[in-house]
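I begin with the ligand and its surroundings and then turn to some individual residues.

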Amino acid sequence: MTDAVHTPRVFSGIKPSGGLTLGNYLGAIKRFVDMQGEMETIYCVVDMHAITVWQDPADLKHATRELAAAYLAAGIDPTRSTLFNQSQVAAHAELGWIFNCVARVGWMNRMTQFKDKAGKNREKVSLGLYAYPSLMAADILIYHATHVPVGEDQKQHVELTRDIAAKFNTDYGVPDFFPQPEPIIEGPATRVMNLRDGTKKMSKSGESDMERINMTDDADTIAKKIRKARTDPDPLPDTVKGLDDRPEARNLVEIYAALSDSTPDAVLGEFAGAQFGQFKPKLADLAVAKLEPISTRMADLMQDPAEIDRILTMGADKARAIADPILDRTYDIVGFVRPRQI
Ligand code: ATP
Ligand code: MG
């Protein structure tokens with residue numbers, strides 16, 4: 001039904017909350033690049049989400065431009081995709097407020113990311129961290145986006161977005177006004193794990209630098225982190241089933257598969273019986289070969305921040321042209337008086 005009413009359109013975003021990781025690259029950016037040309041694509045640097053936890057203002061500006069540089073260096077073409085930072089398009093925050101009034105507190109209480117991020121500190125975290133998923137719903141729905149490529153950890157938030165869309169449509173009697181966006185969670189690396197603990201996700205805001213590979217790490221650092229990655233003493237199995245209960249081994253095999261555009265089955269076909277002492281250097285070489293050209297290009301782009309800002313401004317103009325009419329219609333549906341816009 002969604003497809004009949006709404007033009008296929010991709011939206012996704014990444015927070016400029018620190019250096020980007022291999023998880024962000026494989027679970028998000030690389031897949032964003034692959035979706036260009038398949039349908040209309042809108043990619044965002046979600047700076048308003050970043051401040052749900054404290055960000056030093058100068059660091060936030062740097063991380064915003066660096067994330068934009070990563071998108072560009074990895075192959076996002078700003079003439080084919082709309083690329084911008086969220087805070088330049090006020091409609092996200094405006095629709096986010098309406099969704100705060102549509103979403104229920106009980107729904108937010110079920111969000112596992114909030115529980116993970118707040119931990120024992122529940123009473124002290126920002127209200128923004130709690131309300132984050134309704135702003136994320138607004139990010140997607142302000143464009144009437146139908147497809148949302150994300151890592152596995154964001155599935156629950158996209159499902160919540162669907163619930164918010166459905167409740168808005170029902171409450172206001174506007175069937176199909178907001179689409180039911182599909183989370184697109186595909187490929188061998190939808191959840192890249194922490195190199196020191198294979199039961200935890202690799203995150204840019206994780207505690208130790210040794211637990212993640214950063215997109216800007218040099219070849220020696222990447223090799224060292226992979227060499228020191230936690231593993232078990234057994235050789236690699238010959239089937240994917242043999243990776244059950246071996247989270248660290250599974251993670252390294254999945255990373256290899258994603259970096260080589262292959263599958264875990266094919267990787268095990270090549271490496272069955274190998275010890276990690278043999279497999280890890282191959283993985284390190286592969287990771288360096290794939291990441292180094294991107295980090296070199298990122299560094300080049302960062303030499304000219306004004307050019308990055310120009311691209312983000314151009315993207316924000318394109319984004320506003322889609323978002324503002326949808327916000328006007330939403331305000332009218334809600335009953336806000338806006339004589340000038342309607
Ligand atoms: P933070 O720790 O600040 O939450 P993050 O590394 O989780 O940072 P986000 O900006 O929250 O990054 O997420 C951006 C995108 O990257 C999302 O689509 C998310 O699902 C994806 N992603 C994040 N970490 C991983 C991972 N380890 N494996 C696969 N995808 C990931
Ligand atoms: Mg995250």
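1. Which element gives the largest share of the shell around ligand 1? In this predicted model, that share comes from H2, which supplies 4 residues. The shell as a whole consists of 22 residues, and the closest of them are Lys 117, Asp 153, Lys 201, Lys 204 and Ser 205.

2. Several polar contacts to ligand 1 can be described atom by atom. Asp 153, which is listed among the closest residues, places a polar side-chain atom 2.6 Å from an oxygen atom of the ligand. The side chain of Ser 17 also takes part, with an N or O atom 2.8 Å from an oxygen atom of ligand 1. At Val 192 the contact is made through the backbone, where an N or O atom lies 2.7 Å from a nitrogen atom of ligand 1. Taken alone, the ligand would expose 590 Å², and the protein buries 97% of that area. Strand E1, spanning 9-14, and helix H2, spanning 22-35, are the elements that give two or more residues to the shell.

3. In the model, Asp 139 is placed in helix H8, which runs over residues 127-141. Is Asp 139 buried or exposed? Its relative accessible area is 2%, and Asp 139 therefore counts as buried, the cut-off for that term being under 20%.

4. Met 215 is found in the loop that connects strand E5 (182-184) with helix H10 (219-227). Although it belongs to a loop, Met 215 has a relative accessible area of 1% and so is classed as buried. Met 215 and Ser 295 are separated by 80 residues in sequence, whereas their C-alpha atoms are 6.3 Å apart in space.

5. The last point concerns the cysteines. How many disulfides does the structure hold? The count is 0. Two cysteines may be described by their accessibility: Cys 44 is buried, with a relative accessible area of 0%, while Cys 101, at 46% relative accessibility, counts as partly exposed. Cys 101 falls into that class because its value lies between the limits of 20% and 50%.

Technical notes: Residues numbered from 1 in each chain as written. Chains lettered and ligands numbered in written order. Predicted model: local features only at pLDDT ≥ 70, side-chain atom pairs only at ≥ 80, totals over all residues. Heavy atoms only, no water. Near = heavy atom within 4 Å. Polar contact = N/O pair within 3.5 Å; in protein donor to acceptor, adjacent residues only side chain to side chain. Areas by Shrake-Rupley, 256 points an atom, 1.4 Å probe, with all protein chains shown as cover. Disulfide = S-S within 2.5 Å. Buried < 20%, exposed > 50% of the residue type's maximum accessible area, 1.4 Å probe, protein only.
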